[in-house]
Amino acid sequence: MTALRQEPDPPVDDLDRRFRAGDDVALREAYDRYGRAVLHLATSMLANRSDAEDVTQATFVAAWLGRDTFDPAKGSLIGWLLGIGRRKVIDRMRASARETRVVETVRQLPEPAQTQPDPDRVVDRLVIADELARLPDDQRRMLELAFYDDLTHQQIATVTGVPLGTVKSHIRRGMASLKRRWEVDGAAPGPRPAGISGTR
């Protein structure tokens, strides 16, 4: 009786383990295998193809640098990569929104006078616009009405229907956040830009 020939078991796909261990070849394999899926995710959420490609690259860079946090026992490599990709897409969308806001701020700036413009004031306004975009919606809205529309606290309360005390609270907290970020970002010390009043 002839013994049946024992077929060898198929090789175990250990890409997850090798990727986590820092194998450069595994990084290339992961990109070849899952890059299209990450790109598809990005293009489905972003209108700009170039942004989607940048997000795909940023996803793999972040995954490689943070590979120690990947646990194959908790999920697949592709699932982990797509999770990073989603966060990168959201980051890009928020950055685009801030950029759009800065552009709109520049467009709203008055025409320069014949005298020499003050570049520091323009920079200050751009920095403020960017920082405002990072605040919670309520605080940002109140500060926009105070800064851009030059409304008093009472006028803001009337326009928005928000109680006066709440308006003051939002503006106070928003100003405190702007002040902290202004100092952390290393902005040049100086007088507070005109347009936002502490209490009115």
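I take exposed as over 50% relative accessible area, buried as under 20% and partly exposed as in between (1.4 Å probe, protein chains only). Helices are DSSP runs (H or I, at least four residues), numbered from the N terminus.

The model is predicted, so local features need pLDDT of at least 70 and side-chain atom pairs count only at pLDDT 80 or more, while totals for chains, interfaces and linings use all residues. Residues are numbered from 1 along each chain as its sequence is written, and side-chain values use heavy atoms, leaving out hydrogens and water.

Which residues of H7 are buried? In this helix, residues 153-160, I noted His-153, Ile-156 and Ala-157. Seen down the axis of H7, the buried residues fall within an arc of 100 degrees (taken from the directions from the axis to the C-beta atoms), so they line one face of the helix. Just after H7, I recorded a positive phi of about 80 degrees at Gly-161.

Of its 16 residues, Phe-19, Ala-30, Tyr-34, Leu-77, Trp-80 and Leu-81 touch the most other members. Apart from it I found another core, of 13 residues, among them Ile-156 and Ala-157.

Finally, I looked up Thr-59, which lies in helix H3 and is buried, with a relative accessible area of 0%. Leaving aside neighbours within four places in sequence, Thr-59 is in contact (heavy atoms within 4.5 Å) with Val-38, Leu-81, Ile-84, Gly-85 and Lys-88.

Technical notes
Helices (H or I, at least four residues) and strands (E, at least two) are DSSP runs, numbered from the N terminus. A nonpolar core is a set of buried Ala, Val, Leu, Ile, Met, Phe, Trp, Tyr and Cys residues joined through side-chain atoms within 4.5 Å.
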